[in-house]
Amino acid sequence: MYRIALKMLFADRGKYVMLLSGLTFATLLMTQQAGVFAGILEWTKGNLKNMRAPLWVVDPKVEQVNEVKALRDTDVSRVRSVPGVGWAVPMYWGILQARLADGTFKPVQLVGLDNATMVGRPARMVAGRIEDLRLPNAVVIDELAIQRLSRGRPRPIGVGDLFEINDREARIVGVCRTEMSFFGYPYIFATYDQALQFAPRVRKMLSYILVSPAEGVPLATVAARIEKETGLRAYTEEDFGVSTVRWFFRNTGIPTSFGMTILLGFIVGVAVAGQTFYAFILENLRHFGALKAMGAGDGLLTRMVVLQAFAVGLIGYGIGLGVTVLIGSLFLKKGMPPFSMPWFIPVGTLAAILVICAIAAAFGIRRIRQLEPAIVFRG
Amino acid sequence: MRGAAAIGPGTGTGTAVRVERVSKVFGRGEAAVQALKGVDFEARQGELLMIVGPSGCGKTTLLSVIAGTLEFNDGNVTVFGAGLHGMTRSEVTAFRGRHIGFIFQSFNLVPTLSAVENVSIPLLINGVARREAEARSRAMLEKVGLVGRGGDTPLQLSGGQQQRVAIARALVHEPSLVICDEPTSALDRENGRRVMELMHEVARAPGRCVIVVTHDSRIFRFADRMAEMDDGRVARVHETHETYEAGDH
Ligand SMILES: Nc1ncnc2c1ncn2[C@@H]1O[C@H](COP(=O)(O)OP(=O)(O)O)[C@@H](O)[C@H]1O
Ligand SMILES: [Mg+2]
C-alpha cells in the first residue's frame with residue numbers, strides 16, 4: 001500500500017510539482033539565508049582566524065575582535081610579568097587608506113606584527129618571505145589586496161611593487177592568503193614598528209597583546225591571572241569568537257533581518273506545502289474513503305499520508321539543499337557574499353521541513369480519520 | 001460468531017445476510033431523519049438480490065449498514081455468521097477488508113494508478129505481497145474480459161471497462177459478500193447488461209451473495225429476488241422477477 005500511496009501523490013503531477021517547489025523553495029530560503037548569515041558571523045571572526053594566538057588581551061571594555069580600545073605600551077610588560085605567561089607580544093590593527101596608482105584611495109586593514117617573533121603572522125604565504133618584513137617600508141599583502149589595489153596599473157600589483165599607505169611608501173615583499181573578515185578590506189601586514197610609522201600618530205597605539213601560557217600551564221588559569229593582576233580582559237581565541245558573535249546578535253539588526261527571512265521561508269513552506277498537501281488530500285478524499293470501505297484502517301491510512309508528506313518533504317529538502325550547496329560553492333569561489341554551512345544549518349532546516357510535513361500531514365490525517373467510509377455510496 | 005449454521009428453512013441455501021429490526025437515524029433533534037425504521041430482511045448464499053424502491057427510501061443507507069461502512073442505531077446485522085452489531089470499529093473495518101467486495105456507482109478507481117494496481121488494493125490491504133497481488137489482479141482482470149489492459153489507467157479505459165476493473169477489484173480477494181450501489185447508472189444499456197451478466201455469474205459461486213441497489217429497471221431481470229423498500233422499511237420480497245420483466249424495455 002505504501003507504493004500505492006507514493007504513486008497516488010507522484011502521479012498527481014500538478015500537486016506534486018507545486019508541493020515540491022514549495023518545499024524546495026522553503027529549504028533554499030532557509031539554508032541559503034542561514035548560510036549567508038553564518039558566513040557573516042564567520043567573517044566577524046576574521047581577525048581571530050588570520051592572526052592566531054592562544055590568548056588575546058584587550059581593554060576590559062572590548063567585547064568583540066573588530067573593536068579596538070588602544071592599550072598602553074607598558075601593558076605588554078605588565079602582562080609578561082604575570083606568572084604562567086610564556087610569551088606576550090604587541091599587535092597593531094587598524095583601518096587605513098591605501099593610495100592606488102590611479103590616485104584613488106581604498107581602505108585596508110593594517111596589522112603590525114611583533115618585530116622579533118612575528119607572532120600572528122599569516123599562515124600561508126603565496127609569494128615572498130614573511131621575514132622580509134624587516135626590510136625598510138616592507139609590507140606583505142593578501143590576495144584580496146591584489147584585486148583591490150591593482151587599479152591603474154598595467155599588470156596586477158605584486159612583489160617588488162610600491163604603493164602608499166597614509167601617504168607613506170610601502171614596498172610589497174610578499175603575498176599571503178587570508179580569510180575574509182567582517183570589514184571585507186584587504187589585510188596588509190608589517191612589523192609592529194613599521195605599522196606605527198604608517199598609522200597616524202596618537203597617544204596609544206597598541207591594539208592587542210597576544211599571549212601564550214608557559215608550558216604546562218592551562219589557558220584558563222593564565223587568563224584568570226592576567227585579568228586579576230592587570231585589570232585587562234584576556235580572551236581565549238574561542239571565547240573571543242563567541243563574544244564577538246554574541247556582540248553582533250545584541251548590537252546589530254543583522255540577526256533579526258536574517259531571522260525574519262528564515263522565518264519567512266518556514267512560513268512559505270508551511271503555507272504552500274500545507275495547503276497544497278491538504279488540497280491533495282481533499283481531492284483524493286473519495287479514494288481514501290474507498291480505501292477505508294475496502295478495509296484500510298485509520299492506522300494504515302495515517303501511515304500512507306505520513307509517507308506521502310515526508311517523502312515529498314525529503315525530496316524537496318534534498319533539491320533545496322542541493323541548490324543551496326551549488327549557490328554556496330559559487331559564493332565561496334567568488335569570496336562574496338559571505339557563506340558558511342555549519343552542520344546545524346542543514347540539520348535545523350531538515351527539522352523545520354519535517355515539522356512542515358508533519359503539520360501538512362496532521363491536517364490531512366485529521367480529515368481522513370473523520371471520514372465516514374459510507375461516503376463512497378453517496379453520489 | 002453466531003448464526004453460522006443459519007440455514008434458510010426449505011431453501012437449502014445458507015443465509016448470507018440477516019438484518020433484524022435495524023434502524024438508523026441521521027442527525028439529531030429537529031433535523032433528525034430516520035432513514036431506516038426497523039428493517040427486517042435476509043439475503044441468501046448463491047443469489048443476486050436487488051434492493052429497489054423510490055429515491056430516498058433508504059436503499060443506500062441499508063446497503064451501507066450491511067456493508068459495515070455505516071454505524072446503525074438499533075438492531076442486529078449478521079453477515080455470513082458474523083454479527084456486525086457486536087464488533088468494534090476496527091473489527092468491522094478488518095471484516096470488510098476480508099469478506100466484502102465493493103462496487104461503487106462512480107467506479108471510484110484511483111485515476112493515477114493502473115488497472116492492475118487498482119485491482120490489487122484489497123489484496124494489499126489484506127497483507128498480500130505486491131507481486132502475488134498483481135499476478136492475481138491480472139488474472140482477475142482477464143476473467144472480467146480485460147485482457148492486456150492491466151497497465152492502462154482508468155482514463156484510458158471506457159466507462160464499461162472501468163466498471164469491469166471495479167468488479168475485478170471487488171472480487172479479487174474472493175469476498176463472500178459483494179455490495180453494489182447503482183452499478184449500471186453510469187453505463188449505457190449494452191455495457192450495463194454485460195456488467196449485470198457478469199454479476200449474475202459471480203453470484204453463482206458457492207458461498208457467495210451479491211446485493212445490488214438499483215433503480216434501473218432495465219437490469220431488474222438479473223435479480224434472483226428483489227427486496228422492495230418503502231420509507232425506511234423492506235416492504236416486500238419477491239421470489240421471482242417476472243413482475244419486473246415488463247420493465248426491461
Ligand atoms: N448522511 C446523511 N445525513 C442526513 N440524512 C441522510 C444521510 N444519508 C441519507 N440521508 C437521508 O436518509 C434517507 C435515505 O437516504 P438513502 O439511503 O440515500 O436513500 P436512497 O438510496 O434510497 O435514495 C433520505 O431521506 C436521505 O435524505
Ligand atoms: Mg442511493
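This is a predicted model: local features need pLDDT of at least 70, side-chain atom pairs count only at pLDDT 80 or more; totals for chains, interfaces and linings use all residues.
Reader: What makes the radius of gyration of chain B agree with that of a compact globule?

Author: A compact globule of 249 residues would have a radius of gyration near 18 Å, and chain B has 18 Å, so the two agree. Along the principal axes, the C-alpha atoms of chain B fill a box of roughly 50 × 45 × 45 Å.

Reader: What is chain B built from, in helices and strands?

Author: Chain B has seven helices and 10 strands. Of its contacts between residues at least 6 apart in sequence, 69% join residues at least 24 apart. Buried residues make up 57% of the 249 residues.

Reader: Why is A:Met118 called buried?

Author: The cut-off for buried is under 20% relative accessible area. A:Met118 has 2%, and therefore counts as buried. A:Met118 sits in the loop of chain A between strand E3 (105–113) and strand E4 (124–128).

Reader: Why is B:Glu174 called exposed?

Author: Exposed means over 50% relative accessible area. The value for B:Glu174 is 59%, so B:Glu174 counts as exposed. Its place is a loop of chain B, between helix H5 (159–171) and strand E7 (177–181).

Reader: What is there to note about the phi of A:Met118 and the phi of B:Glu174?

Author: Most residues other than glycine have a negative phi. For A:Met118, phi is near 55 degrees, a positive value in a residue other than glycine. For B:Glu174, phi is near 50 degrees, also positive in a residue other than glycine.

Reader: How do you know that chain B is in contact with chain A?

Author: Contact means heavy atoms within 4.5 Å. By that cut-off, 31 residues of chain B are in contact with 24 residues of chain A. In chain B, the residues that lose the most area to chain A are B:Asn108, B:Thr112 and B:Ile125, together 21% of what that side buries.

Reader: How much area do chain B and chain A bury between them?

Author: The size of an interface is often given as the accessible area lost when the parts come together. Here chain B and chain A bury about 2,500 Å² between them, and 63% of that is on carbon and sulfur atoms.

Reader: What share of the accessible surface of chain B belongs to carbon and sulfur atoms?

Author: The share is 48%, out of an accessible surface of about 10,500 Å².

Reader: How many positive and how many negative side chains does chain B have?

Author: Chain B has 29 positive and 29 negative side chains. The centres of the two sets lie 4 Å apart.

Technical notes
Residues are numbered from 1 along each chain as its sequence is written. Chains are lettered from A and ligands numbered from 1 in the order in which they are written. Side-chain values use heavy atoms; hydrogens and water are left out. Helices (H or I, at least four residues) and strands (E, at least two) are DSSP runs, numbered from the N terminus. The radius of gyration is taken over C-alpha atoms; the globule rule is 2.2 Å times the number of residues to the power 0.38. Buried means under 20% relative accessible area, exposed over 50%, partly exposed in between (1.4 Å probe, protein chains only). Accessible areas come from the Shrake-Rupley method with a 1.4 Å probe; for residues, only the protein chains shown count as cover. Lys and Arg count as positive and Asp and Glu as negative; His and the chain ends are not counted. The place of a charge is taken as NZ of Lys, CZ of Arg, CG of Asp or CD of Glu. Buried area is the accessible area (1.4 Å probe) that two parts lose on being put together, summed over both.
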